[in-house]
Amino acid sequence: MKYQQKKDAVLLLADGTAFYGKSVGYEGTAFGEVCFNTGMTGYQEIFTDPSYFGQIMVATNAHIGNYGITSSEDESDGLKIAGLVCRNFSYTASRAGMESTLKDFFDTNYLVAITDVDTRALVSYIRDNGTMNAVISTETTDLEVLKARLNDVPNMKGLELASRVSVTEPYFFGNPDAKYKVAALDFGIKRNILRNLAARDMYIKVFPYNTPLEELKAWQPDGYFLSNGPGDPEPLTEAIVLVKQMIAEDLPLFGICLGHQIIALANGISTYKMHNGHRGINHPVKNLLTGKDEITSQNHGFAVNRAEAEANANVEITHTHLNDNTVMGLRIKGKRCFSVQYHPEAAPGPNDATYLFDQFVEMIRR
């Protein structure tokens, strides 16, 4: 593959709509579900978030790359997005402590990105027509060739991706002398989740997503945690059975994002693919238990069925999205189990919801 800036490039959507731009530099072709994030900052955390695995990211912020890359802000072990579409890509960057430019970061990770795209028109189109599969290419602008290859890409509905980003061997995070031990199932966990747990006197052992309950219990944890992750939660049948067992055991259990959806599925509540999903750092959520509103960081394309949650006598809806009334939080009645659809660890985003980690440690303490 060659490196060549400002080469013609194209984004082709599954419905045949095309948007044209220029190559950022790394030459190639990338496939995935196209989606957009409305955050005005935090591109590094977004690009390294495992929940975005398999997705072509459209950045709504007009300028991407202007403050470069710092390794401490990675949310995983490398880039997780399938590709990037933006309006203005900054090849130069300036920030105290910056380690590299975003261009160098993309080149090192072989990421295809295109710039000079009318992202306002693109996002408006996606909002009207929904997220869908897409291809970006700097190698060819022949739409017939690209469409033939795009037809072979599986739809996100029914696609299990957690196994693609989960660890294969357990590892530890935090202080071994911490007061509490937490067993975390890794469906695509973000590092800032681990930092928030460790900061509250928890020592975390991170397990592969399909670890049997007996292996988790052998470590004698004080609580369980279910992480965020990519893809459709419904194909994770083994994890759903495992979470049923966890809830029955009744150790404190906290789930975020994909973990929240698996808790719902373990209680017989279905999930569905959203028209656009929620991806940004300014989503308004109401805590129904306290009456307080929160501004939250969100990243999900699937949601919990509200009617089924309301009809389930064992479940209480604790949080709701103020824009579209989707389910943002659950707790299981009579059990020490709760979950939220959004990201209290932020990275990027506001810290309105970090109290949920305090709630988890208090549940363990009691």
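Modeller: Let's begin with Cys 86, which is buried at 0% relative accessibility; buried here means under 20% relative accessible area, exposed means over 50%, and partly exposed is in between, with a 1.4 Å probe and protein chains only. A word on the ground rules: this is a predicted model, where local features need pLDDT of at least 70, side-chain atom pairs count only at pLDDT 80 or more, and totals for chains, interfaces and linings use all residues. Residues are numbered from 1 along each chain as its sequence is written, and side-chain values use heavy atoms, with hydrogens and water left out.

Cys 35 is buried too, with a relative accessible area of 0%. Its closest cysteine sulfur belongs to Cys 257 and sits 12 Å away, so that is too far for a bond. Cys 86 is in no disulfide either, since its nearest cysteine sulfur, the one in Cys 35, is 14 Å off. With a disulfide taken as a pair of cysteine sulfur atoms within 2.5 Å, the count comes to zero.

Now the charged pairs. Side chains of opposite charge can pair when their charged atoms come close. I call it a salt bridge when a side-chain nitrogen of Lys or Arg is within 4 Å of a carboxyl oxygen of Asp or Glu, and the whole structure has 18 of them.

One of these joins Arg 95 to Glu 73, with 2.9 Å between the closest N and O atoms. Arg 95 is in the loop between strand S7 (88-89) and helix H2 (102-108), while Glu 73 is in the loop between strand S5 (63-64) and strand S6 (83-85), so the bridge ties together parts 22 residues apart in sequence. (Helices are DSSP runs of H or I, at least four residues, and strands are runs of E, at least two, numbered from the N terminus.) Both ends are partly exposed: Arg 95 at 28% and Glu 73 at 22%.

Arg 336 counts as partly exposed, at 34%.
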